[in-house]
Amino acid sequence: MMTLLGLLAGGGALVVALRRRSPRLPVARAAQPMPPPAPRPDWRAARAEGDTLAIAADAMADHTQMLRSIADAWLLSANLWESDPAAFRRKVQHAKTMAMALEDECLEVVDALRVLERLRDGAAAFAQQRDQATALAEQAEAATTQLRAQVQRLAEARGMEARAPYQASASSVPSIELARVARLMPLTADARPLPLQELLG
Amino acid sequence: MNQDFARYTEKDILAHCRSNARLLASNPILHQTYQREAYARAERKLREADEEIRVFRAWRTSFVGPRRDAWGHFDEASRQAQERARRALMHLHFAWAALATLLTDEEQATWLERDFHRE
């Protein structure tokens with residue numbers, strides 16, 4: 001969900017940048033070399049991916065079209081009486097930046113909505129995963145309880161401290177990855193609990 | 001006259017600027033007046049651009065926010081259950097490693113075939 005947080009936070013810097021280069025001071029500022037325009041993924045194409053994305057892409061196309069018109073109008077006024085070719089060219093570049101100002105945010109919206117649509121459409125699969133993971137956890141917890149009880153019985157019978165067997169073996173325990181959990185989860189679909197061998201596998 | 005400045009060629013730009021420079025030289029006060037009016041229009045356009053960006057962000061909040069609230073946590077229960085299973089398996093490995101040190105090979109084999117119901 002980081003993208004969502006990011007796009008709510010990433011606000012006013014651009015507007016400030018646009019203002020700072022307002023046409024009152026066009027000549028005083030040195031031209032910033034523009035970074036070469038990276039090819040952008042086209043968020044407009046995402047409208048074909050789903051109902052929510054289609055609504056969003058249409059709404060965003062309206063906003064970006066409006067911004068483009070405003071940038072055109074700005075350029076017309078800003079350059080109408082310009083007599084310095086360098087300043088003229090700078091303002092042409094600036095109008096392009098202005099017209100593209102929402103492109104990154106539109107891409108972020110599309111990314112965020114893709115994730116959300118995937119979550120919505122996966123509700124049944126997520127519920128199944130939850131049930132399988134819960135069954136796996138319960139089996140592992142039940143097995144652990146019995147193994148620990150047996151460790152305690154055997155340690156007591158041998159006059160050992162109950163902690164001793166754990167300390168002796170701690171270094172041989174692998175760390176468990178979520179990938180291993182995911183591999184075991186479907187096995188719980190059988191009504192029969194997994195043997196210890198498989199739980200450990 | 002074509003005034004799509006974004007499409008001006010280098011030749012167009014030079015001609016445009018030369019013409020304006022002539023007016024600036026011959027009638028600076030008139031040029032200044034025109035320039036001031038044009039810049040005032042440009043300023044208004046900048047404010048419109050700000051406003052359009054603000055409207056876009058308001059739309060985004062109203063569009064994405066409710067959907068995130070509705071769908072954003074659909075995988076939460078599954079992720080929590082998987083994390084619980086991961087921890088449970090780790091504890092099981094710890095317990096088995098400890099128990100194995102106390103068992104013969106035959107006893108270990110017997111244990112490995114057992115399964116466990118929660119009572």
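How many residues does the contact take from chain A and from chain B? In this predicted model, it takes 83 residues from chain A and 67 residues from chain B.

On the side of chain A that touches chain B, at least two residues each come from α2 (13-20), α3 (51-79), α4 (85-99), α5, α6 (123-157), α7 (164-169), α8 (178-184) and α9 (196-200). The largest share of this side, 21 residues, is supplied by α6(A). By kind, the residues of the side of chain A that touches chain B are 55 nonpolar, 17 polar and 11 charged.

**Helix pairs across the contact**

Two packed helices are described by the angle between their axes and the distance between the axes.

| Pair | Axes come within | Crossing angle |
|---|---|---|
| α5(A) and α2(B) | 9 Å | roughly 25 degrees |
| α3(A) and α2(B) | 8 Å | roughly 170 degrees |

Angles under 35 degrees count as roughly parallel, so α5(A) is roughly parallel to α2(B). Their crossing is left-handed. From α5(A), the contact is made by A:V109, A:A112, A:L113, A:L116, A:L119 and A:R120, and from α2(B) by B:R60, B:V64, B:R67, B:R68 and B:W71. These residues divide into 7 nonpolar, no polar and 4 charged.

For α3(A) the angle to α2(B) is roughly 170 degrees, and angles over 145 count as roughly antiparallel, so α3(A) and α2(B) are roughly antiparallel to each other. The contact of α3(A) with α2(B) has 17 nonpolar, 3 polar and 5 charged residues.

**Helix α5 of chain A**

At 1.5 Å a residue, the 19 residues of α5(A) should span 27 Å, and this agrees with the 27 Å between its end C-alpha atoms. The buried residues in α5(A) are A:E105, A:C106, A:V109, A:V110, A:A112, A:L113 and A:L116. Among the residues that α5(A) brings to the contact with α2(B) are A:V109, A:A112, A:L113 and A:L116. An α-helix has 3.6 residues a turn, so residues three or four places apart point the same way.

**A residue of helix α4**

A:V92 lies in helix α4 of chain A. Because A:V92 has 17 C-beta neighbours inside 10 Å, it counts as partly exposed. Leaving aside neighbours within four places in sequence, A:V92 is in contact with A:L75, B:F5 and B:A6. The C-alpha atoms of A:V92 and A:N79 are separated by 8.4 Å, and these two residues are 13 residues apart along the chain.

How values were computed:
Residues numbered from 1 in each chain as written. Chains lettered and ligands numbered in written order. Predicted model: local features only at pLDDT ≥ 70, side-chain atom pairs only at ≥ 80, totals over all residues. Axes fitted to C-alpha atoms, helices over the stretch in contact; angles between N-to-C directions. Helix = DSSP H or I, 4+ residues; strand = E, 2+ residues; numbered from the N terminus. Parallel < 35°, antiparallel > 145°, perpendicular 65-115°, else oblique. Left-handed = near helix turned anticlockwise from the far one by under 90°. Contact = placed C-beta atoms within 7 Å. Nonpolar A, V, L, I, M, F, W, Y, C, P; charged D, E, K, R; others polar. Expected span 1.5 Å × (residues − 1). Buried ≥ 20, exposed ≤ 12 C-beta atoms within 10 Å, placed from the backbone.
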